[in-house]
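Thanks, everyone. I have one structure to go through, starting with its surface and then moving to the fold as a whole.

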Amino acid sequence: MSDPVLDDHGRPEPPAVAGEADTLLGFLEFLRATVAWKVSGLTDEQLAVRLASSTMTLGGMLSHLAF
């Protein structure tokens, strides 16, 4: 398996031509990397902030995605 092609933000590009499972996993890795990029640099306090009426925090979302 070759190294993934990374975009300007270090996210792995999903495969352009692949089977269903490889395409799904490629997009999942891309989306995980997108969330990591968007929240990088935030403090624990910022990750614990609840927005609007949701009980979900960014830190909680990261924990969920890591699981």
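A patch, as used here, is made of residues with over 30% relative accessible area and no salt bridge, with like charges joined within 9 Å and nonpolar side chains (Val, Leu, Ile, Met, Phe, Trp, Tyr) within 5 Å. A salt bridge is a side-chain nitrogen of Lys or Arg within 4 Å of a carboxyl oxygen of Asp or Glu. Areas come from the Shrake-Rupley method with a 1.4 Å probe, and for residues only the protein chains shown count as cover.

This is a predicted model, so local features need pLDDT of at least 70 and side-chain atom pairs pLDDT 80 or more, while totals for chains, interfaces and linings use all residues. Numbering runs from 1 along each chain as its sequence is written, and side-chain values use heavy atoms, without hydrogens and water.

M56, M61 and L65 make a nonpolar surface patch of about 230 Å². L65 sits in helix α3, residues 58-66. With a relative accessible area of 31%, L65 is partly exposed; buried is under 20%, exposed over 50%, and partly exposed lies in between.

Now the whole chain. The protein has 3 helices and 0 strands, where helices (H or I, at least four residues) and strands (E, at least two) are DSSP runs numbered from the N terminus. The C-alpha atoms fill a box of roughly 40 × 25 × 20 Å along the principal axes. Of the 67 residues, 16% count as buried. The accessible surface comes to about 5500 Å², and carbon and sulfur atoms hold 61% of that.

Key
Buried means under 20% relative accessible area, exposed over 50%, partly exposed in between (1.4 Å probe, protein chains only).
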